[in-house]
Every structure is written in structure tokens, then in C-alpha cells.
Amino acid sequence: MTDHLPQALRSDARDNRARVLDAARALFSTEGLDVPMREIARRAGVGPATLYRRFPTKQALVTEAFEDQLRACRTVVDEASADPDAWRGFCLVIERICELHARDRGFTEAFVSAFPGARDIAAERARTVRAVAELARRAQATGRLRADFVLDDLILVLMANRGIHAASPAHQVMASRRFATLLIQAFAAGPGTAPLPPAAPLTTPAPRRADH
């Protein structure tokens, strides 16, 4: 029996970790990143000590909880950057990133505010911004993207997209897709396009506490 004990403990640890991540994803998605760690533990059915043993800080939990979203974001950016048609690639980024963020409010908060200490999310944000900057430069060179688009407009897009509230997750995605289409039409260069007002630097507050 003692031979099976370490394996059973490892299995329990894996189960606890999976429950914590599932609970964190669900709560971050609906409530945002200010959800207390104790509430995540309660939803997962584990004690706070178990939660902190697996994830000593909220930064560590946030980073691991959004691993799939980070991978999806990376895939979108790579696909768009590889498109020889820069305008088409730029539109793909707007469409896919809006939809990705519409599905998870917590990921948007972490991405837009560069959640303190979550280095993977900060790195992916920086990588996305660099890729969009290059796509925008190429699309503007073709005359398809309006010349006064600036990178802060991407953050503005995500902040506005985060404000969409619908009756169900499916309707949330539908609304986000429509919003993205409206944005793309607004970003397209065309005769008689009125110039945009000056861009304001966009900063967003980080969550009040990183590990509560």
C-alpha cells in the first residue's frame, strides 16, 4: 500500500492544480482580476494553503491560467505577419484579437494593463504591439490603412471591446465581431476621410493588489 501512496499524492496534486486553474479561469473571465485568491480556492474546493502552495502569487496564477490565450494570441500575430497582404493581415489581427478578448474579460485586463509581475503576459503584449506596428507600417505604405492610425489605437480598441456586455457569451462574441468590422471600416483609408483628433497616451490602472 505504501508503494502506491506517492503516486496517489501526485494524482491528488494534479487534480487540485487543475481545479484551481479551472476556477481561476472561470472567475477571471466573469469577474476580472480583482477576485480574491481565497474566493478562487473556495470555488476550486481546496484550502488557501493548497492554492498558495501551487501558486505562491496571483501573478503566477494569472500567467498559467491564460497560457492558452497567450498561445492563441501568438498564433494570430504570426499568421497575420506572414500574410503578404499587409492590410488583410492587419484586419485579421483586429478581428481575431477582439474575439479572443471578448471571450475572457480577465485576459483583456491582464493584457491591457500589463498585470504587474506577469512577465509572460507583458512579453506577449510587447510582441503583439511590435507585430501590429510593423503590419500598420506596411498597410499604410500600400495606402489601405489610414495614415493617422497610431499604436495607442490598438489599446483603445481592446479597452472599448472590453466594455461590450451581452446577454450570453455567444452574443458577446457576435457583438465583438460586429464591433471589429465597424473598426476595420473606420481604419480603412479612403477619399474624403476626416482626420482623427490627436491621440492621447493610454494607461490603465493595474488591479489593486497582486496577490489578495
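**A chain of helices**

Of the 212 residues in the protein chain, 41% are buried. The model is a predicted one. Its protein chain holds 10 helices and 0 strands. Read from the N terminus, the order of elements is α-α-α-α-α-α-α-α-α-α.

Next, the contacts across the chain. Take those with a separation of 6 or more: 73% of them join residues 24 or more positions apart. Then the surface. The protein chain exposes about 11,500 Å². Carbon and sulfur atoms supply 55% of that area.

Now look at one pair of helices. Helix H4 covers residues 58–65, and helix H5 covers residues 67–82. The two pack with their axes 4 Å apart. The angle between them is about 50 degrees. H4 and H5 are therefore oblique to each other.

Which residues in H4 and H5 meet? H4 brings Thr63, Glu64 and Ala65. H5 brings Glu67, Gln69 and Leu70. By class, this contact has 2 nonpolar, 2 polar and 2 charged residues.

Follow Gln69 further. This residue is found in helix H5. Is Gln69 buried or exposed? Its relative accessibility is 13%, so Gln69 counts as buried; the cut-off is under 20%. Gln69 also has partners beyond its sequence neighbours. Leaving aside those within four places, Gln69 is in contact with Leu100, Asp104 and Phe107.

Key
Residues numbered from 1 in each chain as written. Predicted model: local features only at pLDDT ≥ 70, side-chain atom pairs only at ≥ 80, totals over all residues. Heavy atoms only, no water. Buried < 20%, exposed > 50% of the residue type's maximum accessible area, 1.4 Å probe, protein only. Contact = heavy atoms within 4.5 Å. Areas by Shrake-Rupley, 256 points an atom, 1.4 Å probe, with all protein chains shown as cover. Axes fitted to C-alpha atoms, helices over the stretch in contact; angles between N-to-C directions. Parallel < 35°, antiparallel > 145°, perpendicular 65-115°, else oblique. Nonpolar A, V, L, I, M, F, W, Y, C, P; charged D, E, K, R; others polar.
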